[in-house]
Each structure stands twice: as structure tokens, then as C-alpha cells.
Amino acid sequence: MKIVISANSNLAIYEQIVMQLKNAIFNKELNPGEALPSIRVLASSLEVSVITTKRAYEELEKEKLIRSVAGKGFYVCDTNTAYLKEKQYIMLERKMTEVLEECKKAGMTSTEILSMVKVIVEEG
């Protein structure tokens, strides 16, 4: 699994790490019981601070997606995929709300917005 940090993202670096790890867990790229890179190794490979990767891991631990084993590292937990999917939907709903607000500011009608979405979905 590869994590890519974007300087152009609206998300903080630790949030980008969290989102990509969540997606990897949800998509089964990371399996329950699988070891994650150490905080230092991940920080080094992403060229970010140890504090940033520590914060990302703490967020994932709070959500019970990973667990820390003293002296051994971090491991992916058995997850409730329905819970994780719901969390993803909430995040996507927030993003869509932001995009829809921008569309309205640009003067787009509901019909134009729906038409744009339909074109994008059909192209994807």
C-alpha cells in the first residue's frame, strides 16, 4: 500500500494519511492483524515529521481501526465494515456539501448540477 501526500490538498498531512489508511482498510488492501510501518519508518518514507504520523496513528486508534502493541508496533484491527462505510459516507457528504455550495455560488441550477454529476459518473 502506498500513501501519497499532496501539497495541493485541503486536508492536513495527517488527515491525508488517515484517509488513505482508512481506505486501504476498507478496501482490504490492509487486513486485520497486519502490521503497519512504525511511526518513524512511515514519517521517513513520506518525508514528514514523526509528530504528523503519530497524530495520524492516534486518530486511527481512537476510531479502533488500528491498535498499538507495546514494543511491537501498530496493527490493523478487525473492523466493522458497516461502521467504516458509514464514516466514509459522512466524510463524502461533507465534501459534496462544500462542492454544492461552490456550484450555487457560481450560479448553477439544480438541473445543471445534476447534469454535470451525470456526465462525470458516466465518464468514470
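Colleague: What share of the 124 residues of the chain count as buried?

Modeller: Bear in mind that this is a predicted model, where local features need pLDDT of at least 70, side-chain atom pairs count only at pLDDT 80 or more, and totals for chains, interfaces and linings use all residues. Residues are numbered from 1 along each chain as its sequence is written, and side-chain values use heavy atoms, with hydrogens and water left out. Buried means under 20% relative accessible area, exposed over 50%, and partly exposed in between, with a 1.4 Å probe and protein chains only. By that rule, the buried share of the chain's 124 residues is 27%.

Colleague: What radius of gyration does the chain have?

Modeller: That radius is taken over C-alpha atoms, and the globule rule is 2.2 Å times the number of residues to the power 0.38. The C-alpha trace spans about 55 × 30 × 25 Å along its principal axes. A compact globule of 124 residues would come out near 14 Å, but the chain has 17 Å.

Colleague: Is Thr53 buried or exposed?

Modeller: Thr53 sits in helix α3, residues 50-62. Contact means heavy atoms within 4.5 Å, and, leaving aside neighbours within four places in sequence, Thr53 is in contact with Ile17, Ile39, Leu42, Ala43 and Val48. Its relative accessible area is 0%, so Thr53 is buried.

Colleague: How far apart in space are Tyr14 and Arg55, C-alpha to C-alpha?

Modeller: Tyr14 is in helix α1, and it counts as buried because its relative accessibility is 16%. Beyond its neighbours within four places in sequence, Tyr14 is in contact with Thr52, Arg55, Ala56 and Glu59. Tyr14 and Arg55 are 41 residues apart in sequence, and their C-alpha atoms are separated by 6.5 Å.

Colleague: And how far apart in space are Ser6 and Ala82, C-alpha to C-alpha?

Modeller: Ser6 lies in the segment before α1. Its relative accessibility is 32%, so Ser6 counts as partly exposed. Ser6 and Ala82 are 76 residues apart in sequence, and C-alpha to C-alpha the distance is 28 Å.

Colleague: What is the phi of Lys28?

Modeller: Lys28 is found in the loop between α1 (13-26) and α2 (39-46). With a relative accessible area of 53%, Lys28 is exposed. Although Lys28 is not a glycine, its phi is positive, at about 65°.

Colleague: Where is Glu47 found?

Modeller: Glu47 is a residue other than glycine with a positive phi, near 55°. Glu47 counts as exposed because its relative accessibility is 74%. As for its place, Glu47 is in the loop between α2 and α3.

Colleague: How many disulfides does a search of the whole structure find?

Modeller: A disulfide is a pair of cysteine sulfur atoms within 2.5 Å. Cys77 counts as buried, because its relative accessibility is 13%, and Cys103 counts as buried at 10%. The number of disulfides found in the whole structure is 0.

Conventions. Helices (H or I, at least four residues) and strands (E, at least two) are DSSP runs, numbered from the N terminus.
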